[in-house]
Amino acid sequence: MRSNTQLLAQVTEFIGYEADLLDHKGYQEWLSLWTEEGLYIVPADLKATDYLNTLNLALDDADMRRMRVARLENGESVSALSVGDTVRMMSRVRILEAGDEVVIARCAMTLNELRHGKLVSYPANVEYILRRVGDGFRMEQKVVKLLHADGFLRTVSFIF
Amino acid sequence: MTIRRTRPLANEENKNMSALIELQNISLKAAELVEEGRVHKSLYSDPAIFEEELDLVFNNTWVFVGHESEVPEAGSFKTAYIGRQPVILSRDRKMNLHVLQNRCRHRGATVCEARKGKTKAFTCPYHGWGYGLDGSLRALPKPEEYAGVFDTSEMPLESLRVETYQGMVFATFKNDIEPLEDFLGAARKWIDLFMKQGGGYPVKVLGEHRFNFPGNWKIQLENTTDAYHFPIVHKSFVTSLDEATADIFDFLDGEGFVEDLGNGHSAMVMIPQLVDLEADLDQPIPPRFEALAQELRDEGRPEDEVRKLVRAAHGTGFNLNLFPNVSCSMAFFRVLRPVSVGETEIQHVALGGEGAPAPFNRKRMRLHEHFQGPMGFGTPDDGEAWERVQKGSMAGTDGWILVNRGMNNLHDSADGNVAGAVCSETGMRGAYRQYKKLMAAGQEK
């Protein structure tokens with residue numbers, strides 16, 4: 001296996017940056033990490049591939065992302081107000097495809113949430129389609145495949 | 001002495017009179033804790049009452065187990081629960097529906113763990129007993145040891161009574177209660193209206209969201225007939241809507257109402273202009289649905305079909321609460337399952353049209369994702385409120401939950417039922433009346 005360590009380092013840095021923004025509620029900056037057509041997807045069915053024609057837990061285009069962030073920030077949502085902190089660990093980053101315009105990567109995530117004094121853990125595979133823009137990337141698609149997407153989840157008032 | 005329990009006691013050897021009387025008193029106590037207009041807070045947290053509810057409510061009435069579109073073909077099945085009991089909804093080769101206890105007759109293992117699928121048989125993983133889609137025991141390894149012990153025809157998966165209405169499948173353990181259609185009664189009219197949201201196509205399950213909350217099942221039962229909370233709890237959802245849609249959801253001062261349909265069922269009409277989705281098809285297309293309308297026109301759909309589909313895409317303007325476990329809630333089925341006295345699992349089942357245009361079903365799924373499920377803009381706030389109810393109801397040794405809103409402002413509905421204002425607690429009172437009836441009947445057994 002030949003690996004492009006420079007690209008891997010760039011992608012890992014981007015994923016770590018995005019994770020840090022979300023854990024520290026830097027939502028406005030997070031919004032700027034997307035292409036206008038980008039889709040943030042949390043599938044309910046882990047076997048699904050045609051997300052648009054499947055029911056997901058979330059499938060956010062740019063409008064829905066803006067509204068989701070507004071909901072978390074505007075103080076009107078009782079569940080968003082009572083959300084504690086999240087700490088997510090991103091690792092096992094692997095480049096699946098390295099094109100001139102688009103890079104596809106996959107990694108493991110464990111997100112821990114403290115809510116009403118209780119620790120809840122969300123293990124997931126996360127898949128990124130990253131478009132090269134200038135020296136960096138913009139997200140064209142992010143798919144968060146929760147290990148227990150199929151089960152009965154607690155309600156979520158943060159962004160995976 | 002005529003005391004008889006439908007549920008065997010944990011230890012048959014100790015089935016003495018004092019244990020029986022104690023259980024009898026619990027159901028009596030629960031019934032007495034429901035008054036017209038208030039219920040005692042211990043109904044949310046007393047584990048002994050919860051155990052009685054499983055028996056006297058869930059094992060004792062019609063319980064929703066699924067929609068026919070979830071088992072569309074011969075061999076289709078899905079697993080479900082009635083209270084705490086696992087069951088399988090299956091369709092046999094002759095297309096008949098069955099609801100079977102998911103328990104091997106040999107040593108009790110579940111014979112099916114998949115959520116849904118297609119199969120020719122249910123085979124127990126423990127000793128290989130194989131059952132047909134109708135529950136009959138078809139084959140077992142080394143049957144000769146049972147020669148003279150029993151005949152395989154005596155050992156099918158236990159089958160429940162099953163009846164359907166408008167594709168909704170209900171089952172019950174009771175052979176002596178009224179037919180489903182009688183139990184639904186005045187609710188049938190509302191189910192008929194609800195099923196118009198396929199837009200001219202049969203209603204079909206498109207998928208479901210699943211979540212749980214740390215609270216009692218009755219908190220969720222109340223919520224589906226509670227319009228009062230909507231502008232408070234769902235303010236952030238309403239803010240996320242365009243102005244015209246936000247106006248539609250500003251319904252507390254409108255002409256809506258809550259109608260008590262009997263047997264614990266109720267209809268809460270929030271948006272009267274969306275009660276009949278096949279009426280008023282000449283209304284202008286709202287901005288929220290303009291893109292969908294254009295997509296449908298681009299597919300070559302005639303304008304009358306476009307209008308019918310767009311109006312159906314809204315979902316209905318009412319919640320129909322069916323006691324004890326399902327609601328036809330605007331555009332989806334809400335199904336609850338009691339797990340323990342302080343934990344409830346909920347499914348939000350998304351609906352569309354069988355064979356309907358793909359843009360229509362896509363829009364229905366996007367609208368469902370917007371509000372429903374663990375990541376919607378509505379459900380997490382509901383969940384937070386319910387969790388607070390469970391937690392707060394523990395304060396004090398005595399206390400009551402009020403469901404008396406609008407009690408002195410009732411009128412007769414068009415169908416001659418008792419009705420109150422849209423934000424009245426008329427539906428909750430109806431549900432608790434049925435609850436009280438079932439729990440009180442427990443002591444007579």
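Predicted model: local features only at pLDDT ≥ 70, side-chain atom pairs only at ≥ 80, totals over all residues.
Strand β9 (residues 130–131) of chain B pairs with β10(B) in the antiparallel sense, over two bridges; strands here are DSSP runs of E of at least two residues, helices are runs of H or I of at least four, and both are numbered from the N terminus. Pairing requires that DSSP finds at least two bridges between two strands.

Residues are numbered from 1 along each chain as its sequence is written, and chains are lettered from A, and ligands numbered from 1, in the order in which they are written.

Zooming out, chain B has 13 helices and 22 strands. Its radius of gyration (over C-alpha atoms) is 23 Å, close to the 22 Å that the globule rule (2.2 Å times the number of residues to the power 0.38) gives for 445 residues, so chain B is as compact as a globular protein of that length. Its C-alpha atoms fill a box of roughly 75 × 55 × 40 Å along the principal axes. Of the 445 residues, 48% count as buried, that is, with 20 or more other C-beta atoms within 10 Å of their own, C-beta atoms being placed from the backbone.

According to an unreviewed UniProt entry, residues 62–171 of chain B carry the annotation "domain: Rieske". That stretch is 0% helix and 39% strand, and its end C-alpha atoms are 6 Å apart.

As for the partner chain, 29 residues of chain B are in contact (C-beta atoms, placed from the backbone, within 7 Å) with 27 residues of chain A. Elements giving two or more residues to this side of chain B include β19 (343–353), α11 (358–371) and α12 (379–392). α12(B) has 14 residues and reaches 20 Å from its first C-alpha to its last, close to the 20 Å expected at 1.5 Å a residue, counted over one less than its number of residues. Among its buried residues are B:W386, B:E387 and B:Q390. The buried residues of α12(B) pack against α4 (78–81) of chain A, together with β13, α5 (217–223), α6 (230–233) and α7 of chain B.

Note on methods: Contact = placed C-beta atoms within 7 Å. Buried ≥ 20, exposed ≤ 12 C-beta atoms within 10 Å, placed from the backbone. UniProt positions renumbered as here; feature names shortened; annotations may be inferred.
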